[in-house]
Amino acid sequence: MNCNKRNVSFLGAFIAGASSGGCSTILFQPFDVVKTRLQENATVSTVHRKGMLQIFSHIVQKEGPKTLWSGLVPSLWRCVPGVALYFTSLEVIKSIILPKEKITLDPLQALVAGASARCIAGVVLMPFTVIKTRFESGQYRYRTVTEAFSSIYRLEGGRGLMTGLGATLARDIPFSAVYYAVYTQLKQYHPSGPTMGKSFSCGLAAGIIASVVTHPADVIKTSMQLFPSRYQHRTREAILSIYRRLGVRGFFSGLVPRLVRRTLVSALSWTVYDRVMQSFQMA
């Protein structure tokens, strides 16, 4: 790939990531809010636990439909540049590890590329992940992202803005590695040509597999970010606490809304990505 084509590819990846990240965040934010509330409820109470529909109904009736989009601004701050950075990093990594004679990655290369790209994006955007989770929980009364950022930094220091980094990377790196490897393999063996339907269906299947495998890490991450003083920023303490209180099932609290949201977001993102990249390659 010459320098000009490579730059076009990187630009296409950035545009595809930013546009798909923005659209999917706005559309599916309610599922993230419900997921966070489910995990919060499971952590706080072992007696009065609520299901997804109960949480959804409670939010709409008691707090208003607008609350389903609480945390939207920090989510956009996180997802728009985050997905753009992820796809751009992925293209850069592919250009480095992919031999010139090959046009697709093998499963191991796909695992490495997906994991590496997600690690970069995850670390850079971690403060917005913390802020987003706290907005969604309803426990913290921040009015703006700037206020949340300054409040966390003032009260908890820089470490507070990176709370749950280990659990987040333990969730996101395997998710992206598994997702990208499964997605690329499914697309290779899919009988039809490069269509939007093919991208979306392969994205759905890959999203389901990756979401289930990585959900326990998501529960740990959410618990650490909502109750930092309880766990003293220690992942091991969060794991033991969840297990003692709820057993193995506690690590799958909020699975359904996350499964719906993450699967649809990923499928939509990769469909837009493939479409934009095709457009740039044909230009």
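Ala, Val, Leu, Ile, Met, Phe, Trp, Tyr, Cys and Pro are counted here as nonpolar, Asp, Glu, Lys and Arg as charged, and the others, Gly among them, as polar. The structure is a predicted model, in which local features need pLDDT of at least 70 and side-chain atom pairs count only at pLDDT 80 or more, whereas totals for chains, interfaces and linings use all residues. Residues are numbered from 1 along each chain as its sequence is written, and side-chain values use heavy atoms, with hydrogens and water left out.

By these classes, six nonpolar, four polar and four charged residues make up the lining of the second largest pocket. This pocket holds about 310 Å³ of space, and of its 14 lining residues Thr67, Ser70, Gly71, Phe135 and Tyr142 are the closest to its centre. On a 1 Å grid over the protein atoms alone, a pocket is an open set of points with protein on both sides within 12 Å along at least five of seven lines, a cavity is a set where a 1.4 Å probe fits but cannot get out, and lining residues have an atom within 4 Å of a point.

One cavity of 30 Å³ or more is present in the structure. The largest cavity contains about 500 Å³ of space and is lined by 32 residues, with Arg78, Cys79, Val83, Arg118 and Arg262 nearest its centre. Its lining comprises 11 nonpolar, nine polar and 12 charged residues, and helix H11 contributes the most, with seven residues. Helices are DSSP runs (H or I, at least four residues), numbered from the N terminus.

Helix H5 (residues 126-137) packs against helix H8 (residues 196-226) at an angle of about 80°, their axes lying 9 Å apart. Since angles of 65 to 115 degrees count as roughly perpendicular, H5 and H8 are therefore roughly perpendicular to each other. In their contact (heavy atoms within 4.5 Å), Met126, Thr129, Val130, Thr133, Arg134 and Ser137 of H5 meet Lys221, Thr222, Gln225 and Leu226 of H8.

The structure also holds 15 salt bridges, each a side-chain nitrogen of Lys or Arg within 4 Å of a carboxyl oxygen of Asp or Glu. One of them joins Arg261 to Asp32, with the closest N and O atoms 3.9 Å apart. Arg261 belongs to helix H11 and Asp32 to helix H1, so this pair ties together parts that are 229 residues apart in sequence.

Key:
Axes fitted to C-alpha atoms, helices over the stretch in contact; angles between N-to-C directions. Helix = DSSP H or I, 4+ residues; strand = E, 2+ residues; numbered from the N terminus. Parallel < 35°, antiparallel > 145°, perpendicular 65-115°, else oblique. Points joined across faces, edges and corners; volume = space filled by probe spheres on them.
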